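Please keep the sequence and the structure in view while reading.

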Amino acid sequence: MTVQLKDKLLVTYILQQVVKQSLGCNLYYQNTVDDRSAYPFVTYNFIVPEQDTTGDWLGQGRQYETHLQIDCHATSALESMNMADTLFTALHESRYQAYFEQAGIEPEQTENTSDRTIMAGSFYDYRFGFDCSFLVCNGGRVYKPEELDFTPTPDTDIRHVQIKDTGGQSDVSADKKERE
């Protein structure tokens with residue numbers, strides 16, 4: 001059976017790229033314990049795999065939401081909390097949102113940020129995390145890895161804006177100082 005890069009697998013594939021670039025570690029399915037590398041790492045679990053948003057998709061690609069639990073695991077509570085904060089912020093940055101948008105996926109709500117350490121001690125890891133929902137707008141479409149671009153785009157800085165009107169020309173810079 002060939003695994004196809006679509007739907008929920010596509011969401012986690014893109015999330016894996018964001019985790020690697022923003023945190024420098026790996027993403028694993030929460031219920032697999034054998035393939036995990038050394039700390040730190042991030043896990044995910046589907047809270048609600050598919051929740052239809054409309055019945056009117058008319059064969060154009062199914063639209064639904066998928067809700068994930070995302071946890072950052074580390075050997076200290078502070079490291080785990082900082083990782084969760086960094087990943088939470090990354091999911092709100094336009095450069096990483098573009099990774100999802102190229103595949104018709106929109107990160108939506110990010111909530112329930114909390115300490116999810118089950119039992120602190122020498123045999124348990126520290127984990128902080130949050131829940132995140134994604135709107136999948138073209139469910140069923142299969143992608144190839146080479147079709148997706150994970151090159152971060154730099155943030156754009158607008159330094160100069162030129163405005164022309166019928167009476168003359170106004171030149172306005174981004175720092176709101178007017179020049180003639």
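Axes are lines fitted to C-alpha atoms, for helices over the stretch in contact, and the angle between two of them runs from 0 to 180 degrees between N-to-C directions. The model discussed here is predicted.

With that convention in hand, consider helix 1 and helix 3. Their axes come within 9 Å and cross at roughly 155°. Helix 1 is therefore roughly antiparallel to helix 3, because angles over 145 degrees count as roughly antiparallel. The crossing in which helix 1 passes helix 3 is right-handed. On the side of helix 1, the contact is formed by Val11, Ile14, Leu15, Val18, Gln21 and Ser22, and on the side of helix 3 by Tyr96, Tyr99 and Phe100. Sorted by class, this contact of helix 1 with helix 3 comprises seven nonpolar and two polar residues, with no charged residues.

Helix 3 also contains Ala98. Ala98 has a relative accessible area of 33% and is therefore partly exposed, since partly exposed residues lie between the 20% limit for buried and the 50% limit for exposed. Although Ala98 and Thr151 are 53 residues apart along the chain, their C-alpha atoms are separated by 9.9 Å.

Helix 1 packs against helix 2 as well. Here the axes are 10 Å apart and the angle is about 120°. Helix 1 and helix 2 are therefore oblique to each other. Their crossing is right-handed. Helix 1 contributes Val18, Val19, Ser22 and Leu23 to the contact, while helix 2 contributes Met83, Thr86, Leu87 and Ala90. The residues of this contact of helix 1 with helix 2 divide into six nonpolar and two polar, again with no charged residues. Val18 and Ser22 of helix 1 take part in the contact with helix 3 and also in the contact with helix 2.

The view can now be widened to the largest nonpolar core. This core holds 34 residues, of which Val42, Ile70 and Ile105 touch the most other members. Two or more of its residues are given by each of helix 1 (7–23), strand 2 (41–52), strand 3 (62–74), helix 2 (77–90), helix 3 (94–101) and strand 5 (126–139). Helix 1 supplies the largest share of the core, six residues.

Helix 1 thus links the parts of this account. Helix 1 is roughly antiparallel to helix 3, is oblique to helix 2, and provides the largest share of the core.

Key:
Residues numbered from 1 in each chain as written. Predicted model: local features only at pLDDT ≥ 70, side-chain atom pairs only at ≥ 80, totals over all residues. Heavy atoms only, no water. Core = buried A, V, L, I, M, F, W, Y, C linked by side-chain atoms within 4.5 Å. Buried < 20%, exposed > 50% of the residue type's maximum accessible area, 1.4 Å probe, protein only. Helix = DSSP H or I, 4+ residues; strand = E, 2+ residues; numbered from the N terminus. Parallel < 35°, antiparallel > 145°, perpendicular 65-115°, else oblique. Left-handed = near helix turned anticlockwise from the far one by under 90°. Contact = heavy atoms within 4.5 Å. Nonpolar A, V, L, I, M, F, W, Y, C, P; charged D, E, K, R; others polar.
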